[in-house]
Structures are given as structure tokens and as C-alpha cells.
Protein chains: 2
Amino acid sequence: MSEKTKARKAALAEKLVELAERQIQLGGLASLKARPLAQDAGCAVGAIYNVYDDMTALVLQVNGRTFQRLGAAVTKAVETARQDTPTQRLIAMSHAYLHFASENTNLWRALFDVEMSADGPVPQWYLDALGGLFSNIAEPLSEIFPDMHEHELDLMTRALFSSVHGIVLLGLERRISGVPDDQIEKMIGQVLTQIG
Amino acid sequence: MSEKTKARKAALAEKLVELAERQIQLGGLASLKARPLAQDAGCAVGAIYNVYDDMTALVLQVNGRTFQRLGAAVTKAVETARQDTPTQRLIAMSHAYLHFASENTNLWRALFDVEMSADGPVPQWYLDALGGLFSNIAEPLSEIFPDMHEHELDLMTRALFSSVHGIVLLGLERRISGVPDDQIEKMIGQVLTQIG
């Protein structure tokens, strides 16, 4: 492939990610379709598949960007709170998670709507991003439970993440079984305070 | 409407719920379509809409049955554990929730996949079923936190339900961010023990 072709391919790949990101943000993952996307990008439908194996691969790229922004928001929250108690740091991170999900609801939902299980192949960069998020949670937890073994700590990290995720999910969906939006932040704090 | 027509309508309504339930259980909510359903029931597609306003109304009926079975499973668990500590009762209910979700995954998911938010009209029988489930959770909680006001207790009930739901959801989906499924039961116990 000539340098010029490579550059053109890279430019199209970048453009498609940006357009797909905007579409998911506006209309949710289900609204992303190859034909209108190609139209927006000014290319043929087939050109998308020259750049990405399939639409899932494109969505994974979008999710990668979302994950990076989410990770940055959580890291910033825990750094701002670094003088606080471990429990307060957990609460600060959870609130950052809530705010990110609330402001980027469709992009955040897409993180969980793409088929990607512990059984299937998961890209290494995704595992790295997840590892970074989890180590942010594990650190204050290891201060709260200094005698916990590494394996237990990993499980507790996942359980806590899932708990906060559940509160944010049912709350933001305004599910009648969820926590009312204006109270989500408070309830996360209350549950985490009990745990700490 | 003659008695005979009424009886025929009621029989079709019942038949459709049973067929829809089986279809959701086998293939998930997205697999339920009016045309094949009518074929299974041996009626015209239009006959479905003589009995139900729309497919969502039919799914709500299925969800009502699922909710009743879920409620019965949770109530049985808490009754079996009624001599135990409040924390143990919460754990017993959560485990019953996990097992129900694990054995009826598609029907359980349909409870949350139907558009039904706190803003829209929600059938009274649904609210009653939900109220029953929540009062089962609120009771042990009020023993753990005897000084908590009713409003706080209600929020804590919803937050705890959402937490357990999150652990079960990400765990059963085998999400890489979730708790490995063979550890879900243990982790629910650990989180609830911390809270209690």
C-alpha cells in the first residue's frame, strides 16, 4: 500500500469513528447503521469494511474513546480527593462515574451493549483500560481491608463496581425500581459509607 | 358481547400470554413478533390486537407473571430464614434473586427491557408487586438501621436492590467487568455483610 493510500485509509478510519461516536451519542447504539454512516462520511458502504472488519470493530473503537474519557474523569476525581479517607475516595470516584454516565448516557450504555464477555476474545487495550479503572477502585479498598488477599480484593473491586453500576443504571433509566435521580448521589454515598 | 364471545376472548388472551412467555424464555424479548405468535396461537394477527392494545401490553402480562414467580421465590427465601439475623435474611433474598435470574434469564431480562419509567403510566398491579418485593427488603433493613426515617429507608431499599441487581446483571452476562459467575453468590454475601 502506498504512503498516500495508507494516509487516506487512516483519515477515513478517524472520520468514521468521529461520525459513529456522534451518532451513538445522539441516537444510541441501535441507531448506528452502515449506509447512513457511509453517506455522512462521503464514502461507499464497502469503504467502511476496507477500514474496519465489521461494525462491531468500529463500535469498539468508539467504546475505547469513551472508556478513556471515563477513566480520565474517574482518575481526576480520585486525585482531587487524595487527601481524603479511602471511603471518601471511593465515593468521589462513584460520583464521577454517575456524572459521566448521566452526561454521556448513550455512549456509556454502548460500553455495555456490545457483546463482549469473559468467554470471547477481548482486545488487549480494552483489558488495559479496564485494569486501570479497577486498580483505582482496588487501592482505597486495600486500605479499608488491609488483610484481604489479592484475589478477594479483585472480587470485592468487581462487586463494588457492579453495585454502583446497578444504582446508576436503574436510577438513570428512571426505572420505578431505581433510586430517583436527585438521590442517586446520596445513596451511593450511603451504601459505600456502610461498606467502608 | 355475548358470554360465548367473552369466554373465547379470555381463552385467547390466556393462550397468547402462555405462548409469548415461552417465546421470551426461549429466544429473549427481541424474538417475540406478532406474526409467528398469531401462527402459533392459530389466530389472525389482528385477533391479537382485539385482546391486547399492543405487543407491549402483552409483554406486561408476561412480566406480571414473572414478577409473581420472582416475588414468591424471594418471599419463600425470607420465610425460610426468618429465625436468622436481618443481614442473613437480606443475603437469603439476594441469593433467591440470583437463582431466579439465573434460571429464568430471558424472562428476568424482559422485566427490565420493557420501556416503563417512573414518568410514564405504570399499571397498579405492577406497583403493588414491586411494593411487596420492596417491603420484604425494607423489613430486615429497618432492624439493621432502627433510627432510619421512612424516606431514607425507602431509598436504602432501592439502592440495595439496585446494587444486588448490578452484581447479578454483570455477573450473569459474564461481562469482563463483572464478578465471575461462580463467585456471585459469595460476593453478594460479602457486600451485604459489610452493610449489615
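**Entry 1: domains of chain A**

I'm looking at a predicted model, where local features need pLDDT of at least 70, side-chain atom pairs count only at pLDDT 80 or more, and totals for chains, interfaces and linings use all residues. Residues are numbered from 1 along each chain as its sequence is written, chains are lettered from A in the order in which they are written, and side-chain values use heavy atoms, with hydrogens and water left out.

**Entry 2: where the two domains touch**

I found 12 residues of domain 1 of chain A in contact with 10 residues of domain 2 of chain A (contact means heavy atoms within 4.5 Å). Together the two domains bury about 900 Å², with carbon and sulfur atoms giving 65% of it; buried area is the accessible area, with a 1.4 Å probe, that two parts lose on being put together, summed over both. On the domain 1 side, E21(A), Q25(A) and L29(A) lose the most area to domain 2, together 52% of what that side buries.

I also checked charges, and there are 2 salt bridges between these domains (a side-chain nitrogen of Lys or Arg within 4 Å of a carboxyl oxygen of Asp or Glu). I noted that E14(A) forms a salt bridge with R65(A), with the closest N and O atoms 3.5 Å apart. The domain 1 side that touches domain 2 divides into 6 nonpolar, 3 polar and 3 charged residues. For that sorting, Ala, Val, Leu, Ile, Met, Phe, Trp, Tyr, Cys and Pro are nonpolar, Asp, Glu, Lys and Arg are charged, and the others, Gly among them, are polar.

**Entry 3: chain B against chain A**

I moved on to the two chains, and 44 residues of chain B are in contact with 44 residues of chain A. The area buried between them is about 3,800 Å², and carbon and sulfur atoms give 61% of that.

I got 2 salt bridges across this interface. K186(A) and E152(B) meet in a salt bridge through their side chains, at 2.9 Å from N to O.

Which helices of chain B supply at least two residues each to the side touching chain A? I listed α6 (105-113), α7 (124-144), α8 (150-172) and α9 (184-195); helices are DSSP runs (H or I, at least four residues), numbered from the N terminus. The largest share, 14 residues, comes from α8(B). I sorted that side of chain B too: 25 nonpolar, 11 polar and 8 charged residues.
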